[in-house]
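We will walk from the surface to the inside, one stop at a time.

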Amino acid sequence: MAVLETALFALLFISFFFLLRLYVTLTSGPNTKPGVKGNVSVLVVAGSGGHTSEILRLVESLTAAYSPRHYVIADTDMMSEEKINSFENTKQKPDSTSQFTIYRIPRSREVHQSWTSSVWSTLNALRFSLPLVFRLKPDMVLCNGPGTCVPLCVAGLLLGILGMKKVLIVYIESICRVETLSLTGKILYYLSDYFFVQWSSLRDRYPKSIFLGRIV
C-alpha cells in the first residue's frame with residue numbers, strides 16, 4: 001500500500017511539474033520584460049553563505065525602479081538577515097524610506113538531505129511559500145541557487161496559472177557551477193523565464209540559458 005501511495009504521489013508531482021513547464025512555455029515572451037510599466041516589486045531569495053553574498057551583489061546592480069524588495073531566507077539561516085540589513089541600510093539614501101522587508105520560511109532541503117525526505121520538506125516549505133507569495137504578489141522572483149527558491153518560484157507560477165498575476169522567474173546559476181547545474185538549477189531551467197549561467201561551457205550544454213560572462 002505504501003509503495004502504491006508513493007508511486008501515485010510521484011505521478012501527481014511529475015504531472016504538476018509538466019503543467020508548470022507548459023505554462024512557462026506559453027506565457028514567456030517579449031511582453032514579459034520587467035520594468036516596462038514602472039516599478040518592479042522583487043522577491044529576492046537569499047541562501048546561506050555564498051548564495052547571499054552573490055545575490056546581494058546582483059541586487060546592488062539593480063536600479064531604483066526595482067522596489068520594493070522582499071527578501072526571503074530559510075528559518076535556520078542565522079547570518080543572512082544581518083547581511084541584508086547591513087546591505088540595505090548602506091544602499092538607502094539618508095533621506096529615503098526603507099523599501100525592503102525580510103521573511104523566513106522553512107528550508108526545503110538541507111545539505112546532504114535524502115531525496116525522499118527532501119520531497120516532504122519541500123512540500124512543507126511550499127505550504128508557507130504560497131500564502132506569502134500570494135500576499136506580496138511580486139512582479140519578479142530573483143534567485144541564484146538555494147533550495148528555498150523552488151517552492152517560492154512554484155508559488156509565483158501558480159499566481160499566473162490562476163490568472164491573478166504574471167510573475168517573472170529570473171534564475172542566475174552560481175559562479176561555482178562550471179560544468180553542471182546545481183539541483184535547483186536543473187529544476188528551474190525548465191520553469192524560469194530567464195536562466196543565466198556564468199560559464200560558456202554551461203551555455204553550450206543548456207541552450208535555453210543566457211551567458212553574459214561573469215555576473216557576480
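Accessible areas come from the Shrake-Rupley method with a 1.4 Å probe, and for residues only the protein chains shown count as cover.

A note before you click: this is a predicted model, where local features need pLDDT of at least 70 and side-chain atom pairs count only at pLDDT 80 or more, while totals for chains, interfaces and linings use all residues. Residues are numbered from 1 along each chain as its sequence is written, and side-chain values use heavy atoms, with hydrogens and water left out.

**Stop 1: the patch.** Select I161, L162 and M164, which make a nonpolar surface patch of about 280 Å². L162 sits in the loop between α5 and β5. Is L162 buried or exposed? L162 counts as exposed because its relative accessibility is 56%; exposed means over 50%, buried under 20%, and partly exposed in between (1.4 Å probe, protein chains only).

**Stop 2: the whole chain.** Switch to cartoon view and follow seven helices and seven strands in the pattern α-β-α-β-α-β-α-β-α-β-α-β-α-β. Helices (H or I, at least four residues) and strands (E, at least two) are DSSP runs, numbered from the N terminus. Of the 216 residues, 44% are buried.

**Stop 3: the largest nonpolar core.** A nonpolar core is a set of buried Ala, Val, Leu, Ile, Met, Phe, Trp, Tyr and Cys residues joined through side-chain atoms within 4.5 Å. Select L43, V45, V141, C143, L152, L181 and L188: of the 26 residues in the largest core, these touch the most other members. Helix α5 (149-161) gives the largest share, six residues. Now centre on L43, whose contacts (heavy atoms within 4.5 Å) beyond four places in sequence include H70, V72, V133 and L152.

**Stop 4: helix α2.** Select residues 50-60; the buried ones are T52, E54, I55, L56, L58 and V59. They pack against β1, β2, α3, β4 and β5.

**Stop 5: a hidden serine.** Finish at S192, in the loop between α6 (183-188) and β6 (194-197). S192 counts as buried because its relative accessibility is 1%. The side chain of S192 reaches the backbone oxygen of L188 at 2.8 Å.

Methods:
A polar contact is a pair of N or O atoms within 3.5 Å; within protein, one must be able to donate a hydrogen and the other to accept it, and residues adjacent in sequence count only if both atoms are side-chain atoms. Patches are made of residues with over 30% relative accessible area and no salt bridge: like charges are joined within 9 Å, nonpolar side chains (Val, Leu, Ile, Met, Phe, Trp, Tyr) within 5 Å. A salt bridge is a side-chain nitrogen of Lys or Arg within 4 Å of a carboxyl oxygen of Asp or Glu.
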